[in-house]
Amino acid sequence: MTKLLVTGAAGKLGRAVLHHLMETSGVEPGDIVAASRDTKKLADWAAKGLETRMADFDDEASLVKAFADVDRVLIISTDELATPGKRIAQHKVAVSAAVKAGVRHIVYTSMPNPDKSLVSFAPDHLGTEEAIKASGVPYTILRNSWYADNYLMGMPHNLQVGTWYTAMDAGKVSNITRDDCARAAAAVLANPPAGNRIFTLTGPESLTAEEIAAHVAMAAGKPLEVAHVTDEQLTHGLTGAGLPGFAVQMLVSADANIRAGNFDLVTDDFEKLTGRKPQNLTAYLTTQKAALTG
């Protein structure tokens with residue numbers, strides 16, 4: 001029996017991975033371990049026959065215990081972005097724990113081109129990739145592109161005022177849905193490719209701000225204009241909207257990364273791993289009309 005463990009199992013990506021492990025990858029519930037800092041949030045998975053374990057990224061001993069007798073572990077990057085340095089420290093603890101527990105394969109959720117990315121949290125991913133490579137444990141790194149789901153945070157407000165303020169300029173981005181990233185992660189956990197591999201998961205097309213806005217407007221049934229602003233203007237606007245400093249920095253740096261061309265890439269890696277095409281932005285947004293207009 002091969003035992004597979006998913007960290008962050010109470011989060012959106014983790015839950016989607018567990019779903020695809022059972023529903024699309026055909027893994028038996030008894031072969032899956034769902035791990036989270038708070039196992040009470042995993043009660044529904046336990047009811048479906050999955051084993052649940054406590055895994056605290058701030059406590060290496062808890063991770064070594066969680067990873068015991070596990071063959072393959074999916075390390076989902078944590079959401080600790082508010083405190084500089086905390087996320088990379090947590091990830092390094094997780095890699096160290098995997099080594100000590102004798103894990104035979106590590107899968108990690110990273111981002112495209114972390115070595116040259118301008119996104120504020122790129123160094124966390126680059127450092128984690130380096131730690132995994134240095135660990136000696138066979139690995140598969142999944143570099144997930146900017147989620148299409150991220151538009152659900154700001155677009156409802158943008159649609160209300162009819163304008164999307166962005167510092168993307170003429171840059172393009174190829175969005176992929178969180179669910180497609182989960183499907184790919186489940187496929188790799190169930191049947192990892194031989195050797196050490198890095199895959200970049202993207203959507204099927206790379207789009208400008210105007211093209212994205214047109215898709216949003218069509219899905220929502222509301223007009224949406226694009227207003228190009230500078231990084232400084234975007235920072236001022238997001239700060240004025242009450243976003244915390246780390247979130248402002250993340251969003252402004254993401255636009256800068258798009259403007260620099262670092263998110264303008266389309267690969268067929270998702271199809272290689274899953275045997276299917278990634279969902280395009282129009283199809284995804286159409287399913288999210290209520291969220292966009294609510």
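Colleague: Where does Ser253 sit?

Modeller: First, the ground rules: this is a predicted model, where local features need pLDDT of at least 70, side-chain atom pairs count only at pLDDT 80 or more, and totals for chains, interfaces and linings use all residues. Residues are numbered from 1 along each chain as its sequence is written, and side-chain values use heavy atoms, with hydrogens and water left out. Helices (H or I, at least four residues) and strands (E, at least two) are DSSP runs, numbered from the N terminus. On that scheme, Ser253 belongs to helix H10.

Colleague: Is Ser253 buried or exposed?

Modeller: Buried means under 20% relative accessible area, exposed over 50%, and partly exposed in between, with a 1.4 Å probe and protein chains only. Ser253 has a relative accessible area of 10%, so it counts as buried.

Colleague: Which residues is Ser253 in contact with, leaving aside neighbours within four places in sequence?

Modeller: Contact means heavy atoms within 4.5 Å. With those neighbours left aside, the partners of Ser253 are Leu118, Val119 and Ser120.

Colleague: Which element gives the largest share of the lining of the second largest pocket?

Modeller: On a 1 Å grid over the protein atoms alone, a pocket is an open set of points with protein on both sides within 12 Å along at least five of seven lines, a cavity is a set where a 1.4 Å probe fits but cannot get out, and lining residues have an atom within 4 Å of a point. Helix H10 (245-259), H6, strand E7 (163-166) and helix H9 (231-240) each supply at least two residues of this lining. The largest share, seven residues, is from H6.

Colleague: How much space lies in the second largest pocket?

Modeller: Grid points are joined across faces, edges and corners, and a volume is the space filled by probe spheres set on the points. The lining has 26 residues, with Gly154, Asn158, Trp164, Leu238 and Leu251 nearest the centre. The space comes to about 720 Å³.

Colleague: What is the volume of the largest pocket?

Modeller: Its lining has 37 residues, and Ile76, Ser77, Thr78, Asp79 and Arg87 are the closest to its centre. By class, 15 are nonpolar, 13 polar and nine charged. H1 gives the most, with three residues. The volume is about 1,200 Å³.

Colleague: Which residues is Val17 in contact with, leaving aside neighbours within four places in sequence?

Modeller: Val17 is found in helix H1. Its relative accessible area is 0%, so Val17 is buried. Its contacts are Val6, Leu74, Ala182, Ala185, Ala186 and Leu189.

Colleague: Which backbone oxygen does the side chain of Ser145 reach?

Modeller: Ser145 lies in the loop between strand E6 (139-144) and H6. Its relative accessible area is 4%, so Ser145 is buried. Residues it touches include Pro112, Ser174 and Ile176. At 2.8 Å, its side chain reaches the backbone oxygen of Leu201.

Colleague: What is the volume of the largest cavity?

Modeller: The structure holds one cavity of 30 Å³ or more. Its lining includes Val173, Ser174, Asn175 and Gly203. The volume is about 40 Å³.

Methods
Ala, Val, Leu, Ile, Met, Phe, Trp, Tyr, Cys and Pro count as nonpolar, Asp, Glu, Lys and Arg as charged, and the others, Gly among them, as polar. A polar contact is a pair of N or O atoms within 3.5 Å; within protein, one must be able to donate a hydrogen and the other to accept it, and residues adjacent in sequence count only if both atoms are side-chain atoms.
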